[in-house]
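Have a look at it first, then read on.

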Amino acid sequence: MKNIYFVIVIVLLITYISRNVIKSRVSVKESFFWIVGSFVALILAIFPKSMDSIAGFLGIAYAPTLFLLICVLFLLFMAFRDSKRIAEQNEKIVELGQQVAYLKNEVKKWKK
Amino acid sequence: MKDNKVLFVIPTHNEEKNIKNVIRNIKKSVSYADIVVINDWSTDKTKDIVEKEDVVLLNLPFNVGYASAVQTGIKYAYEKDYDYVIQFDGDGQHIASEAEKLLNECMKSKSNIAIGSRFLVPTDYHHTFFRKVGTKLFSILIKIFCKEKITDPTSGFQCLDKNVIKKYSRMQGYPEFPDANLIIEMLLSGYKIIEVPVIMKESNTGVSMHGGIYKPFKYMVKMLYTITFILFKHSFSKKGDK
């Protein structure tokens with residue numbers, strides 16, 4: 001089995017992600033796409049011929065290119081998702097800051 | 001019963017049509033209890049209506065979602081040292097007089113959580129097809145992994161005792177949907193959960209969290225995924241580790 005190296009690496013990756021979820025370092029929700037992505041990679045590593053079939057079906061001559069394409073698209077999706085989250089969280093931080101400023105002023109008034 | 005401090009936690013999001021009646025019904029039926037309304041960034045008149053009532057109102061600065069709004073109320077209960085919390089929906093689905101039944105049973109049986117079940121005895125309540133399938137599936141999973149019969153794992157009508165108030169208020173990553181996953185987590189951690197038959201009304205306003213086909217499907221996938229991790233986590237820790 002030529003792909004045993006990849007299988008081991010992916011299993012280690014899944015273990016690493018799972019450990020982080022169990023130890024509450026990553027939320028279950030956030031880990032979802034990473035785990036799904038890892039399992040897809042695991043299936044492709046165990047059944048490498050499936051990659052040839054899919055590449056042939058999509059008209060891609062060199063199968064490893066398809067794997068790279070999938071990886072790039074997946075990472076782009078994750079990066080965009082994170083950018084969206086960061087933008088949303090920035091908005092929320094600003095809103096919280098404004099409310100803290102307002103509440104501090106109210107507390108000051110009450111102390112007087 | 002009246003010696004205990006009881007708090008109704010009502011998360012709301014755009015419930016201007018129901019919230020006034022919900023509050024007044026609680027005051028009429030369970031007059032000794034306090035009420036906290038968590039306004040999850042409503043864009044209608046919910047805030048103005050609640051401000052006129054004699055209840056505690058916590059306005060969230062942005063929309064945090066149902067679960068986080070509930071946890072906000074539970075944190076308030078913990079800070080103010082309440083003995084029992086009753087989770088109560090602001091859409092008029094839960095009936096105030098049924099809450100006392102829930103509270104009584106929770107106290108009498110010395111349970112940590114009492115869940116108001118729509119399916120323990122036959123009622124007129126109707127679920128959509130996908131919700132029926134989900135409810136059945138999660139009941140089976142709870143039976144398999146926790147050896148407990150829970151007929152209504154998606155019920156948000158619950159009574160929580162002081163231990164659970166403490167646990168939930170400190171819980172990191174309080175789940176987005178606190179349903180079967182949280183029940184499994186609590187049962188595996190050694191908490192006692194009972195079900196009490198209750199009557200509920202059909203929700204006729206607001207947008208359902210599980211409407212359509214895509215949302216229930218997404219909910220099921222998320223729930224199964226979360227349950228897998230909970231089981232995984234508990235296979236490494238001792239039972240009864242509260």
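Chain A has four helices and zero strands, where helices (H or I, at least four residues) and strands (E, at least two) are DSSP runs numbered from the N terminus. This is a predicted model, so local features need pLDDT of at least 70 and side-chain atom pairs count only at pLDDT 80 or more, while totals for chains, interfaces and linings use all residues. Residues are numbered from 1 along each chain as its sequence is written, and chains are lettered from A and ligands numbered from 1 in the order in which they are written.

**Chain A: helices and overall form**

- Going along the sequence, chain A reads α-α-α-α.
- The radius of gyration of chain A is 22 Å, whereas a compact globule of 112 residues would come out near 13 Å (taken over C-alpha atoms, with the globule rule being 2.2 Å times the number of residues to the power 0.38).
- Its C-alpha trace spans about 75 × 30 × 15 Å along the principal axes.
- Take the contacts in chain A between residues at least 6 apart in sequence: 41% of them join residues at least 24 apart (a contact is two C-beta atoms, placed from the backbone, within 7 Å).

**Chain B: strand β1**

- Strand β1 (residues 6-12) of chain B is largely enclosed by the rest of the structure, because seven of its seven residues are buried.
- Val6(B), Phe8(B), Ile10(B) and Thr12(B) point one way from β1(B), and Leu7(B), Val9(B) and Pro11(B) point the other.
- In a regular strand, side chains alternate between the two faces of the sheet.
- β1(B) pairs with β4(B) in the parallel sense over four bridges (pairing takes at least two DSSP bridges), and Val9(B) sits opposite Gln87(B) there.
- β1(B) also pairs with strand β2 (residues 34-39) of chain B, in the parallel sense over six bridges, with Ile10(B) opposite Val37(B).
- From β1(B) the chain crosses through helix α1 (residues 19-29) to β2(B) in a right-handed β-α-β crossover (with the strands pointing away from the viewer, the path from the first strand over the helix to the second runs clockwise).

**Chain B: strand β6**

- Strand β6 (residues 158-161) of chain B is covered on both faces: Gln158(B) and Leu160(B) are buried on one side, Cys159(B) and Asp161(B) on the other.
- Strand β4 (residues 84-87) of chain B and β6(B) pair in the antiparallel sense over four bridges, and Val85(B) stands opposite Leu160(B).
- Strand β5 (residues 113-117) of chain B runs antiparallel to β6(B), joined by three bridges, with Ile115(B) opposite Gln158(B).

Conventions:
Buried ≥ 20, exposed ≤ 12 C-beta atoms within 10 Å, placed from the backbone.
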